[in-house]
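Dear colleague,

I am passing on the structure below, and I would be glad if you could look through it alongside my notes.

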Amino acid sequence: MPELLARTSSAELTEWMAYERVTGPLGPERMDALFATLAATVANTARAKGRKAEPKDFMPKWDQGDKGLTDWQQMLDAVKSYNRQIGGTDLTTKGGAAGGDA
């Protein structure tokens, strides 16, 4: 971001924002929309009777916000739980970090 701000004026950024409003999103968001449209088309050609697939059904949902893991201890517990589920080995001190330091 600092490099962008150092190389681009406020006026140019404003122009890009206006362009994006007219033409649609630039970058990865645009590709998500294009691939979602393609996926919906393919799904509709192979579907049985019922609800027609729409591009929104195939759009990834980015940045869903807080998933309930608010501190490092909860995150560590979640990782350890997943590690046990897949048969991994816990290599932290005594199966848990002393003072929280793995």
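What follows is an account of the fold, the helices, the side-chain pairs and the surface.

This is a predicted model, in which local features need a pLDDT of at least 70 and side-chain atom pairs count only at pLDDT 80 or more, whereas totals for chains, interfaces and linings use all residues. Residues are numbered from 1 along each chain as its sequence is written, and side-chain values use heavy atoms, with hydrogens and water left out.

Of the 102 residues, 10% count as buried, where buried means under 20% relative accessible area, exposed over 50%, and partly exposed in between, with a 1.4 Å probe and protein chains only. The accessible surface comes to about 8700 Å², and 59% of this belongs to carbon and sulfur atoms; the areas come from the Shrake-Rupley method with a 1.4 Å probe, and for residues only the protein chains shown count as cover. Among contacts with a separation of 6 or more, 15% are accounted for by residues 24 or more positions apart, a contact being heavy atoms within 4.5 Å.

A search of the whole structure finds two salt bridges, each defined as a side-chain nitrogen of Lys or Arg within 4 Å of a carboxyl oxygen of Asp or Glu. In one of them Arg7 is joined to Glu3, with the closest N and O atoms 3.0 Å apart; these residues lie four apart in helix 1 (residues 2-7), which is about one helical turn. Arg7 is exposed at 66% relative accessibility, and Glu3 is likewise exposed, at 54%. In the other, the side chains of Arg51 and Asp57 meet at 3.1 Å, N to O, with Arg51 exposed at 60% and Asp57 partly exposed at 35%.

Helix 2 (residues 10-23) carries Trp16 and Tyr19, which are three residues apart, about one turn of the helix. They form an edge-to-face aromatic pair, 5.8 Å centre to centre with 85° between the planes, and the structure holds one such aromatic pair. Rings of Phe, Tyr and Trp (its six-membered ring) pair if their centres lie within 6.5 Å, and planes under 30 degrees apart count as stacked, over 60 as edge-to-face and the rest as tilted. Trp16 is partly exposed at 44%, as is Tyr19 at 43%. Gly24 follows helix 2 and has a positive phi, near 105°.

In helix 3, Ala40 is buried, with a relative accessible area of 3%. Leaving aside neighbours within four places in sequence, Ala40 is in contact with Ala53, Glu54, Pro55 and Phe58, and its C-alpha atom is separated by 8.5 Å from that of Lys52, twelve residues away along the chain. Val42 is also found in helix 3 (residues 28-45), and together with Met31, Leu34, Phe35 and Leu38 it forms a nonpolar surface patch of about 500 Å² of accessible area. Patches are made of residues with over 30% relative accessible area and no salt bridge, like charges being joined within 9 Å and nonpolar side chains (Val, Leu, Ile, Met, Phe, Trp, Tyr) within 5 Å.

Conventions. Helix = DSSP H or I, 4+ residues; strand = E, 2+ residues; numbered from the N terminus.
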